[in-house]
Amino acid sequence: MQDRHTPEHVEAWRREGALVIPNFFTPQEVATVVADFRQVFGEPEAAQEALVRPPAQGPGTFHPSQFKTIESVPLDCSPALNLIGLHPALVAYARACLGTDDVHLYQCQAWAKYTGAADYNQPFHCDYVNHTLTAPSQDERLNSFTVICYFTDVTEAHGPTHYVVRPDSDPFAPPEATLAYAGEAYEERQRRLGELARTTAAPAGSIFPYGIDVYHRGTNLTAPRGHRYTVTACFKRARNDAIAFTAWAFHHLKPWARIFDHASPEQLACFGVPRPGDPFWTETTLARTQARYPKWNAAPYRAALAAQPVAAE
Ligand SMILES: O=C(O)CCC(=O)C(=O)O
Ligand SMILES: [Fe+2]
């Protein structure tokens with residue numbers, strides 16, 4: 001597979017904390033993901049008809065109505081949406097940024113936004129508060145590679161995320177300033193961040209990788225009958241216990257076969273599934289996992305086991 005990122009993209013993520021890469025996904029990939037969005041969230045026209053408009057929100061708040069149409073994988077749809085967050089090109093970029101071949105996906109959500117369904121405006125904030133219990137590491141490889149992927153064209157009227165690159169915010173807004181959501185200093189910081197902000201407005205298929213210590217904010221959708229489809233994927237170094245969001249097995253009632261039936265061993269490894277050849281795999285653990293996911297392709301795991309010197313079980 002050919003990389004879709006360049007060394008400059010890795011360098012920009014490390015140095016600036018955020019960037020936009022237009023057209024990372026192909027139109028064909030976008031089309032299959034959009035079809036899944038419609039299956040999971042309904043046709044956008046129908047969603048618009050059903051709108052019950054919530055009251056406008058005050059400044060400095062994240063209105064809960066923003067988050068009503070956000071769903072974690074696995075979803076009841078094709079592999080397109082279920083595995084787009086683990087597209088090999090995206091994983092390759094995450095690996096390069098985090099400086100390791102062993103990365104875990106610890107959050108992957110589909111989010112459908114509709115004009116009028118909520119006031120999607122947010123204050124500038126850093127995401128680290130719900131990805132770790134302490135503070136962002138000063139070594140970005142020990143933080144996360146978080147990315148928002150666009151599957152609809154996002155103009156200024158379709159709620160593009162706005163962001164401030166780290167070198168611009170650092171002099172006056174350290175990450176911990178995100179803990180305050182009121183007061184004069186807060187208002188002044190928001191004003192200055194607003195002056196320095198860049199937009200992520202970009203065509204469908206574009207991606208916005210950013211760090212958990214980077215100031216950004218959701219903006220409102222104003223296009224008449226507009227909608228915005230995004231997938232958020234968050235990667236960390238495997239075994240980095242300081243970072244977490246989703247405990248996958250906690251959501252065991254979700255349709256995991258949708259993922260197991262189609263994912264490669266490398267994609268499953270991003271969920272923490274041991275790779276072929278790992279001592280976890282024995283005839284018994286293979287049979288038990290196959291019992292749980294009858295259509296899972298266990299062949300690579302079986303082959304690796306067969307190739308190993310016989311060990312006592
Ligand atoms: O959806 C977006 O544009 C950004 C949302 C966001 O930053 C958040 O909910 O933390
Ligand atoms: Fe955020």
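I searched the whole structure for salt bridges (a side-chain nitrogen of Lys or Arg within 4 Å of a carboxyl oxygen of Asp or Glu) and found 15. The model is predicted, so I note that local features need pLDDT of at least 70, side-chain atom pairs count only at pLDDT 80 or more, and totals for chains, interfaces and linings use all residues. Residues are numbered from 1 along each chain as its sequence is written, and side-chain values use heavy atoms, with hydrogens and water left out.

I looked up R4 and E29, whose side chains form a salt bridge at 2.9 Å, N to O. R4 lies in the segment before α1 and E29 in helix α2 (residues 27-41), 25 residues apart. For helices I took DSSP runs of H or I of at least four residues, and for strands runs of E of at least two, numbered from the N terminus. E29 is buried at 17% relative accessibility, whereas R4 is partly exposed at 26% (buried is under 20% relative accessible area, exposed over 50%, partly exposed in between, with a 1.4 Å probe and protein chains only).

I then checked R258 and D76, which meet in a salt bridge at 2.8 Å, N to O. R258 sits in helix α8 (residues 257-260) and D76 in the loop between β1 (70-72) and α4 (79-84), 182 residues apart.

Salt bridges with shared partners connect R95, D102, R239, E266 and R275 in one network.

Key:
Chains lettered and ligands numbered in written order.
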